[in-house]
Amino acid sequence: MKKFYITTPIYYVNDIPHIGHAYTTIAADMIARFKKLDGFDVMFLTGTDEHGQKVGKSAEIAGVDPQDFVDKVSQNFKDLMPVIDAQYDVFMRTTEERHKTATQHIWKVLEANGDIYLDSYKGWYSVRDEAFYDASEIVDGKAPTGAPVEWVEEESYFFRLSKYQEPLLDYFEKNPGAIAPEGRKNEVLSFIKSGLRDLSISRTTFSWGIPVPGNAKHIMYVWLDALTNYITAAGYPEKMNFWPASLHLVGKDILRFHCVYWPAFLMSAGLPLPERVFAHGWWTAEGEKMSKSLGNVIDPVKLVDEFGADTVRYFMMREISFGNDGDFYLDNLKKRLDSDLANAWGNLVQRVLAFIAKNLDGKIDDIPQTDEEILKLSKGLINTLRQDIDSQKLHHYLEHVFELIYAANQYVDAQKPWTLRREAPKRMMEVLHVLLTLIRDIAIYLSPILTRSSKKVLEMLHIQGTTFETLQEPLNTNMTITPPEPLFQKSGV
Ligand code: ME8
C-alpha cells in the first residue's frame, strides 16, 4: 500500500485555539481523508508545541507550573479536533518523553557531523515569533512581522546553516515541487540567496525546554525541538515507518523555518527531505488582523456550535483559493450555507429522495446502468479531483464537485421525472437510477469535507464503508428510501 504522511504545524499552547489553527487542520484533514478513500496508507499528524520562552512566559503570567499549564492548553487543542471533525492519526506533544529522546538524538547527530559549535549570540530575538532576526530585518524597532524584539547577548550553540546555502539552492532547483505555491518558493529562494548565517540553536536565559545533551545549562532552540516532532512521530531515532513526509501544510508565517532551517537540519542528519511544503495564506476577520487586543478572534468552537462542522469546513475551504489570504465575513459563510449547501446540494438530495419515497414507496427498479453523459462526467471526476488534491487546489476540488451538483439539478429539471411518471414510467426509473447513482457519487466525493452530511446521505442510500472503488460499482437498489430530513438548515439571512 502506498504511504502518505501529512502534517499540520504543531500549535503553540500559549493561548486557546482560533480559526487559523482550525483552518490548517481542516485542510490537512480533507487531504488525509481523500487519500484514505483513495487507498493510501495515511498518517495524519497534528499536535502541540509546548516548549520555549513564549509558552514559558504564558505559564508564568497564568501563575501555573509550566507542565500543568501545557497539559491544560494542549487539551484545548485536542478537544478542538472532534469539534471540527479532524480525524488525526497521531497527536504529538513536544513534552512527551519520546520526543525529548528524538530531539536530543538529532542534536548529537548534527554535532557528530561537525555542524554544531559553541559561541555567543548578540542580536535581536522575538519571543512572539520565537525567531532570531538580523539587524537588517528590523523595521522601526520591530520584527518584519510587526512583533516586538529584544536584544539578546548570551553564550549559545550555533548550527552551521551557512554551509547549507548551496546544497539547499541545488536541492530546490532539482525538486521544483518541494515548495508551493510558486510565490512562496521564490520568497524562500531569495532569502537563501541573500546569504545564510549560522543559526543560534540554544538559549541559557530560561529553562522551559529540552536540555542540550552534555550541557544542561543550555536549552535547545524551540524551533529545532518543534520541527523534530515530524520525525519523532514517524519513529525517529528508530526505523521510521512514515518518512519522508509527503506534505507539510503550514501557514505562510512559518515558511522560513520549514523551508530553510528544517531541510538544513535534515541534510546534516543525513535524512531525506519532505516531499513538499505547502504554505497557505492568512485569515483576517472582517478586514482586520485577528488579535486578542482587538477582541476579534474568531472562536472555531462557537462557530461550529452555531453552524455545524460541515458548514464551517466547507466555507473555509471554498471561500478563498488555498494559498491566498482571505477575509472572514460571517455573512459570506451564511451565503455559502444557503446557496451551495442548502439550495444546491441539500435540495438535490431532498427532491430526488422525497420523490421516490412519496411516489414509489421508496423503491426503484434494478435496471442496468444507462449510458448517460452525466454518469461519465461523474466517473471521470475522480481524476480531476486527484489532481486538485495533489496540487493542494482545495477550492477547485469543491468547485468541481459543485459543477456536478449543478449539472445533476439541471438533469432533474430537464428530465422531469414527475412528468415521466405518467408518460414513460420505465424512462422515469432510468432517470431516478441515474440520479441516485449521482447522489451516491457526489456524497462520496464530498465526504472528505462534508464529513457528517455525506455520511447521512450514504446512510439514506443504505451504503456503508465506501472508498473511491465504490464509484465504479453498480448502485444497490435492494433498499427502501424513506422520506429524507433536510440536510442543511438555512441561515435565514
Ligand atoms: O507557529 N490564518 O504555532 P502557532 C491562517 N508552534 N492560519 C493561521 C492563522 C491565521 N490567521 N493563525 C494561525 C507555530 N494559523 C509553531 C509551529 S511547527 C513545527 C511549529 C495557523 O500556534 C497556520 O498554520 O503560532 C500557522 O502557520 C500556524 O497556525 C501557527 O501556529
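I started where helix α2 ends. The residue that follows α2 is G63, and I noted its phi as positive, near 70 degrees. I kept in mind throughout that this is a predicted model.

Then I went back into α2 itself, residues 53-62. Which of its residues are buried? I wrote down Q53, K54, V55, G56, S58 and A59. Next I looked up what lies over them. The cover includes the strands β1 (3-12), β2 (41-49), β4 (116-126), β6 (150-159) and β9 (202-203). Helix α3 (66-83) is also among the covering elements.

β1 turned up again when I moved to the ligand. How many residues surround the ligand? I got 21, and the closest are I10, T24, D49, D253 and W283. β1 gives the largest share of this shell, with four residues. I also checked who else contributes: β1, α1 (19-37) and α7 (222-227) each supply at least two residues.

Sorted by class, the shell comes out as eleven nonpolar, eight polar and two charged residues.

I10 comes in through its backbone, with an N or O atom 2.8 Å from a ligand nitrogen. W283 also uses a backbone N or O atom, and I have that one at 2.9 Å from a nitrogen of the ligand. With D49 the side chain does the work: one of its N or O atoms is 2.7 Å from a ligand nitrogen. I then looked at how much of the ligand is covered. On its own it has 670 Å² of accessible area, and the protein covers 95% of that.

Last stop was S454, which I found in helix α17, residues 451-460. Is S454 buried or exposed? Its relative accessible area is 0%, so I put it down as buried, the cut-off being under 20%.

I followed its side chain to see what it meets. A polar atom of the S454 side chain lies 2.7 Å from the backbone oxygen of L450. The side chain also reaches the backbone nitrogen of S447, at 3.5 Å.

Key: Residues are numbered from 1 along each chain as its sequence is written. This is a predicted model: local features need pLDDT of at least 70, side-chain atom pairs count only at pLDDT 80 or more; totals for chains, interfaces and linings use all residues. Side-chain values use heavy atoms; hydrogens and water are left out. Buried means under 20% relative accessible area, exposed over 50%, partly exposed in between (1.4 Å probe, protein chains only). A polar contact is a pair of N or O atoms within 3.5 Å; within protein, one must be able to donate a hydrogen and the other to accept it, and residues adjacent in sequence count only if both atoms are side-chain atoms. Contact means heavy atoms within 4.5 Å. A residue is near a molecule or strand if one of its heavy atoms lies within 4 Å of it. Accessible areas come from the Shrake-Rupley method with a 1.4 Å probe; for residues, only the protein chains shown count as cover. Ala, Val, Leu, Ile, Met, Phe, Trp, Tyr, Cys and Pro count as nonpolar, Asp, Glu, Lys and Arg as charged, and the others, Gly among them, as polar.
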